[in-house]
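Here is a set of questions and answers for a first look at a structure. Each answer sets a value against the rule behind a term.

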Amino acid sequence: MIETSNLTKHFGSLVALDSLTLSIGPGEVFGFIGPNGAGKTTTMRILSCLTRPDAGTAKVCGFDTRTHGDDIRKCIGYMPDFLGVYDDLTVDEYLQFFASAYGIARRARATIIGQVLELTDLTQKRHSLVDGLSRGMQQRLGVARVLVHDPKVLLLDEPASGLDPRARIEMRSLLIELARMGKTLMVSSHILSELGEMSTSIGIIERGKLLYAGSVTDAFARAKTSATQGDRIVVKLATSGATPSTIKQALETDHRVLKATANDEQRTLTVDLTTGEHEHHFLLERIIACQGRIESFQPEVVKLEDAFLRLTTGALQ
Amino acid sequence: MTQPRTPTTTTAAAAPAEAAKPKSWVPRRSWRPSLSRVLGGPVFAKEVWVLGKRLSTSWVRFIYGFLLLGMLAIVVVNATDSYSYSGNMGNLQALQAYQQIAPVVTIAVLGFQFGMLPLMGCVLGGSAVCEEVRAGSLATLLSTPLKAWQIVMGKLLGRCTELLILSLLALPVLLMARVLGGVNGESLIAPTVLCAANALLALQISIWTSARAKHAAGAIAGAIGVLFVLWVLPSVLVGVLMSVPTMPFKGLNPAFITLLSPPMVFLVKLGDIASWGAPPFQTLHWVWSVVSSLALTGLFFVLSTRAVRRAMVATALLGPGAGRTTKKAPPDKRRAVSISQDVPMAATPALDGASPAAPLDSSPDSPQETNEAARQRKRKKSAVVEGYSRTVGDNPVLWREVQQRFTRGQWALPVALGICCCALLFLYWMSSMKEGLQIGVAMFGAVILLLLAALQTPGAISSEREGRTLDVLLTTPLSARAILWGKLLGSAKRLAPLYVAIALHLFFSGVLPGITRYIFLPLDEVVRFLRFASPAFANNSDFIPEHIDGYRSYLGWDPARVDPVAILAFLLVLACTVFMQFAVGLLLSAVMRRTTPATICNLLLWILVWAFLPVVLAIVDNGLIDLYGALHPVVLMAMVLDGGTDNAALSATYDVPDNNVQAFTFFVFLVLYCFAATGVGLGALKVASLELGFAGGRKR
């Protein structure tokens, strides 16, 4: 659905995009991650035909952004990071405005608007003024707007930015629902945990360069590989049993344990396992055999944040 | 008798607590009003920094200086020609030559300053408050101990520095005129002070309109309008009242009319320099004019303070873009205002944007109530009815533009039209519809329309860009041309009432009185029939002289008649010129990122083309101004009405500057002008379309 090849964009001396090549298939939810100024918005603007690239090609729905802008506009829905709204329109008029802009016939508009409002849970606000809506509702209205013409591809730039926790959860549910409907979503966000939950693939970009593009599981695997070489287990021990140092010595003799770190003061034991699939119960058995009294036993979950931090340097442009 | 203070346990216990309290890293000082704090406060400093750093400021200075120098050069070259200046003169002869040209140079420079500085005042102040309201930064100021009057003062003085810099550009020339040219000191000081006072007034009015307007363009237009009214209306009113025999103003000295209008006083003072004749009033009466201008500045300062305070509270309550209030704030809002004056408020918008944080009010119910009340008030002012949605047309941009009102509030336009109608009827009655009324009123309306047209479209695209709605619009299949034409037609719709008013005025005052004459023709036939049919009428030979002729002499006054063809030609020229101005405004709006510079550029462009260029040409060569006059829409419109008054437009002779031409030639020229203006407009729209298309990622 979306393909870019060696996409390059300069703003003066600043390289906003440096030979960006990526591919997003139909029905994918692509999470686009990167620090501020990395080039996410520029990429989205090029894909939505708002900016022309200096070099390289970008195709959306099979159309080249340079030559088939009109065709692309019909098949995409772009939601910018900051949604500007017309302050003198109601929600219904706002959606009618864009339905009309997309050439939807008048008689069909009411039904379509009713449906998208229902999907975005804004039916109650149909005749409210747009600028009287809360930020969360305005963001949902933005999503409703991009759905009016039933596009195949949705480009959502920071859809959850500035939203409170509840609105974020609602927005995430909405995006998951859209993914279920078979839309191809390209979502940029700073809230990596959310992207991790709903994305089928992610791209990590920094300084205009795409550092990683692929499935989420691969990204986790990379994060694991570069961080701990395998699973990490954190064990909290009760004060009455053996000390963590004692148990550590016993554990390090096992070939499945890469490294163990004991903290007697906090009574914790961190165990890094070697790569590969290991059953964790051998650890429990060993600790109990060493007279250790387990208070908690927790495998450390690798998050998207870890992958992001490992793959980016954090340098700002 | 005072009792000795005894140490208490409370004090002793409080000491360790005081010591434990973390010290603030900001030294606390009590705020005492001082001249330096008032004049050099943070708002003033910020204004000076920001204005100084903007590229547009440098451009304004450059263009102002360039125009001034250009005009000066033309005047000097022209004057030295007329005085036979020669480069081989001795020092004394050169000095004499300087003295000869000094008055002309002084008049040119002062005239330029008086024309430009108040205009610059209107332009500079236009963005003072409304831009902050749009950006939401005004609400942040509400959370500081700054008071509204300090903000207004800071903005006024900050922009005054810019006016001062512009006015200082002419100082060396004026000093030379005084020292070398021997121009009288008072003759220099009086116009300069008049100029400064009026520029200050214009700036203050502009800040006031800025606090009430949505966009800078509206604020600038409003400021120019208010300044124009203040300059003209008192003189016109007194003049009209003096002409009514029953009014007590009848015996008033006519010089009083002049005194009420600062531009007239200024012209009189220029007359002192040029020795045009004795002034119609005492020399020092210009001081009265200056004092009245300063008093008006003070009045508008107070009004601005109130408007800014309301805008601040409204912005804090409703978020950016909500700072436009017109009516008196209800009690809940006033309570918030009083808090803002005394206690710092946490009024910055909430992070989630759900509802901007309300002021820290102790009353438990106030924040939500205040928010809701303010929202309700805003809804009432809006053209949109809550709970009802209109049906959007098939060109959404055009639909939205057409829905927007020219004036805020639903009664503003009817009231304005009502006032205009009353004024027109009064003028019709006063003038008996003689020649001059039709042309005068129509030309006045046309000039106002052209001025408004210059301010209508420069913000059309740039305000969408500033409101971050342009990107969304450009991702739709709407073509750039559809967007531009929607904007243009919307602007045309907003100005249509004025255009229609001019047309109706010409019809009622120029065509209808002529038609009344022909009413009597069938009436005579009816009477003749009655006399034939009825002996009662036949025997009454005095019926016609007594009734019909008397009625005819009563109603059948001899008004000036304007040929409908001339009216149509007038309206055509006006429409084409307005179209051209709209299109050029749209082009600037598409090219420039911000509304204010686009508005300023468009306004200055048309002032340069329609007003400054003719003056320069008149100075350079009479032949050139005659030629240019034939290209000037205002001159063309005046000529066509003048030629078509009491004449058949298609057979009249037209008084083209320095020549008389036959109707055919004139109308051919008129049509060519209309084609040219339309062509320029279409060209500008084409370039704007390409520019907008390029902004939307399309090929240039």
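Q: What is the order of the strands in the open sheet of six strands in chain A?
A: In this predicted model, the order is β6-β7-β8-β3-β9-β10, and the pairing is mixed. From one strand to the next, the twist averages 15°.

Q: What makes β6 and β10 of chain A edge strands?
A: Each of them, β6 (76-79) and β10 (209-215), pairs on one side only.

Q: How do you know that β7 and β8 of chain A pair?
A: Pairing takes at least two bridges. Five bridges join β7 (residues 153-157) to β8 (residues 184-188) of chain A, so the two strands count as paired. They run parallel, and Asp157(A) stands opposite Ser188(A) in β8(A).

Q: Which strands does helix α5 of chain A lie across?
A: Helix α5 (residues 135-147) lies across β6 and β7 of chain A, running at about 160° to β6(A).

Q: Why are α19(B) and α28(B) called roughly antiparallel?
A: Angles over 145 degrees count as roughly antiparallel. The axes of α19 (residues 437-456) and α28 (residues 633-644) of chain B cross at roughly 155°, and the two helices are therefore roughly antiparallel to each other. Their crossing is right-handed.

Q: What makes up the contact of α19(B) with α28(B), by residue class?
A: The residues divide into 10 nonpolar, no polar and one charged. Asp counts as charged, and Asp642(B) is among the α28(B) residues in the contact, so Asp642(B) is the charged one. Those from α19(B) include Ile439(B) and Leu450(B).

How values were computed
Residues are numbered from 1 along each chain as its sequence is written. Chains are lettered from A and ligands numbered from 1 in the order in which they are written. This is a predicted model: local features need pLDDT of at least 70, side-chain atom pairs count only at pLDDT 80 or more; totals for chains, interfaces and linings use all residues. Side-chain values use heavy atoms; hydrogens and water are left out. Axes are lines fitted to C-alpha atoms, for helices over the stretch in contact, and angles run from 0 to 180 degrees between N-to-C directions. Helices (H or I, at least four residues) and strands (E, at least two) are DSSP runs, numbered from the N terminus. Angles under 35 degrees count as roughly parallel, over 145 as roughly antiparallel, 65 to 115 as roughly perpendicular and the rest as oblique. A crossing is left-handed if the near helix is turned anticlockwise from the far one by less than a right angle, and right-handed if clockwise. Contact means heavy atoms within 4.5 Å.
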